[in-house]
Amino acid sequence: MAKIIKFFDTTLRDGEQSPGCSMNQKEKLLLARQLEKLGVDVIEAGFAASSPGDFQSVNAIAKEIKNSTVAVLARAVKDDITKAWEAVKEAKRPRIHTFIATSDVHMEYKLRMTHEEVINKAVEMVKYAVSLCPEVEFSAEDATRSDTDFLAELFDKVIQAGAKIINIPDTVGYTTPDEFYDFIMEIRKKSKYLDSVEISVHCHNDLGLAVANSLAAIRAGASQIECTVNGIGERAGNAAIEEIVMIMNTRKDIYDVKMNIVTQEIMNTSRLLTNITGVHVQPNKAIVGANAFAHEAGIHQHGVLKNRETYEIMTPESVGLTKNKMVLGKHSGRHAFKEKIESMGYEISKDELDKAFMEFKSLADKKKQVFDEDIEVILTNRGTKADDKYKLVRYVINSGNTITTIASVVLDKEGQIIEGISSAGGPVDAAFSAIDKCLDIEVGLEDYSIQSVTEGTDALGFAVVKLRYNNHSYSGRGTSINIVEASIKAYLNALNSIYNTFNRGM
Ligand code: KIV
Ligand code: ZN
């Protein structure tokens, strides 16, 4: 009988920990809804004890998501677990995911605990979590660099304490497929109870092996795979959900498994994440990269036209890439716009529709054709919020190849109108330093990029700005048909994100 593989998506937790991928509550909810549509079995919504914002996001997701389990991360610490439960308890299927490190290097230098103390703490905290929540997952952080006798003993004790899912993470992306297979088989042999619960794995991609290691783990008996959309996550990221799913879907001859994933939602999910974070996938990225289904070489094109199977092992349609997109323009009405949004899988309230339609109309006035990608940007646009500290009033840039560029940027800073004027080599540089003149804090520009959303010289520009403040990175996104305006909006968006985090005068 086909084995059931469950997907535990941690894009909103481990993925969000990757630089530049932070999301606000509204964005997290949007992505959680899409993950539910994609059919993931578990959504790890966040780490509730890490910040009030994370707590609220987990809580909002827990209240709304019905078909997927909503998991929340907690260290094996009583206060973390209490907060985790408070955040997730309203979910239809709540799960507390608690962890403690188990490798010698982590226990000695990070935890300063002995093996015995780690076991006692883990058992005590799993019991506490079980007293609150019907489903508890336990993770042994840095498992692949831990002793297998120790892990077997620890797993048996936390299973007896009530853990229903045991996760074996390759936290630092150190293992290899053959080694991981043997490692899991060895722990299964040494443990009395591991086979009575669900075995999960969580692989990081430091050596580019996260997907291969996850597949080896399935062969060794794992039935839950922890992964992220586009493979985002700490350092080099986590195993990419789209790759594991499509490997199993394409190679059914090797993988006799069943899964609940709706593969046709893969592209929508990947694109939504990109639009929210501004972090693009490389063009040659498997499954979701822009070139994944593009056949450039003449010989390949010829083959594919004759018979797709010559060079195509899976169809673009199977991941939700469709060619026949209905393009909207300035004559398209509200009804067509609403239909388009619904056909793209978005469910939005009447207020959101009104706002999006106005933005669409203003874009359609400037741009001949409005593509799906443009509409996705409108729907995920951070825009300006009423409670933002900084809002753009107007700007003027005087630039040319024979003069020094001068920028004047006028901002509404909590009701007070202020102007910054600056000169620099280029218009974006001048605009950013004009904004800096309006601030009472010092920020450092860490990164700046601009990409066009679609082809054509009238395409929307999508700018991403990363600012450094108080030893943390804050990213902002902005879109406009004018690339300088997109850049200014992104800069202000990052500043408002700093302000919202500290919520104090700057
Ligand atoms: O990488 C890791 O070990 C983790 C755990 C918290 C599961 O993210
Ligand atoms: Zn991780």
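How far is an oxygen atom of ligand 1 from an N or O atom in the side chain of Asp14? I looked that up to start, bearing in mind that this is a predicted model. The answer for Asp14 is 3.1 Å.

I then went through other side chains. For Arg13, an N or O atom of the side chain sits 3.0 Å from an oxygen atom of ligand 1. For His202, I got 3.1 Å, again between a side-chain N or O atom and an oxygen atom of ligand 1. Next I checked how covered the ligand is. On its own, ligand 1 exposes 260 Å², and the protein buries 94% of that.

**Entry: who lines the site**

I wanted to know which elements give two or more residues to the shell around ligand 1. They are strand E5 (94–101), strand E6 (136–141) and strand E7 (165–170). I noted the residues around the ligand too: Arg13, Asp14, His97, Phe99, Ser139, Glu141, Asn167, Pro169, Thr171, His202 and His204. Sorted by class, that shell comes out as 6 polar, 3 charged and 2 nonpolar residues.

**Entry: a helix pair**

Away from the ligand question, I looked at two helices. A packed pair gets described by the angle and the distance between the two axes. I took helix H5 (residues 115–132) and helix H6 (residues 148–160), and found that their axes come within 9 Å and cross at roughly 25°. Angles under 35 degrees count as roughly parallel, so I wrote H5 and H6 down as roughly parallel to each other. As for handedness, H5 passes H6 in a right-handed crossing.

Conventions. Residues are numbered from 1 along each chain as its sequence is written. Chains are lettered from A and ligands numbered from 1 in the order in which they are written. This is a predicted model: local features need pLDDT of at least 70, side-chain atom pairs count only at pLDDT 80 or more; totals for chains, interfaces and linings use all residues. Side-chain values use heavy atoms; hydrogens and water are left out. A residue is near a molecule or strand if one of its heavy atoms lies within 4 Å of it. A polar contact is a pair of N or O atoms within 3.5 Å; within protein, one must be able to donate a hydrogen and the other to accept it, and residues adjacent in sequence count only if both atoms are side-chain atoms. Accessible areas come from the Shrake-Rupley method with a 1.4 Å probe; for residues, only the protein chains shown count as cover. Helices (H or I, at least four residues) and strands (E, at least two) are DSSP runs, numbered from the N terminus. Ala, Val, Leu, Ile, Met, Phe, Trp, Tyr, Cys and Pro count as nonpolar, Asp, Glu, Lys and Arg as charged, and the others, Gly among them, as polar. Axes are lines fitted to C-alpha atoms, for helices over the stretch in contact, and angles run from 0 to 180 degrees between N-to-C directions. Angles under 35 degrees count as roughly parallel, over 145 as roughly antiparallel, 65 to 115 as roughly perpendicular and the rest as oblique. A crossing is left-handed if the near helix is turned anticlockwise from the far one by less than a right angle, and right-handed if clockwise.
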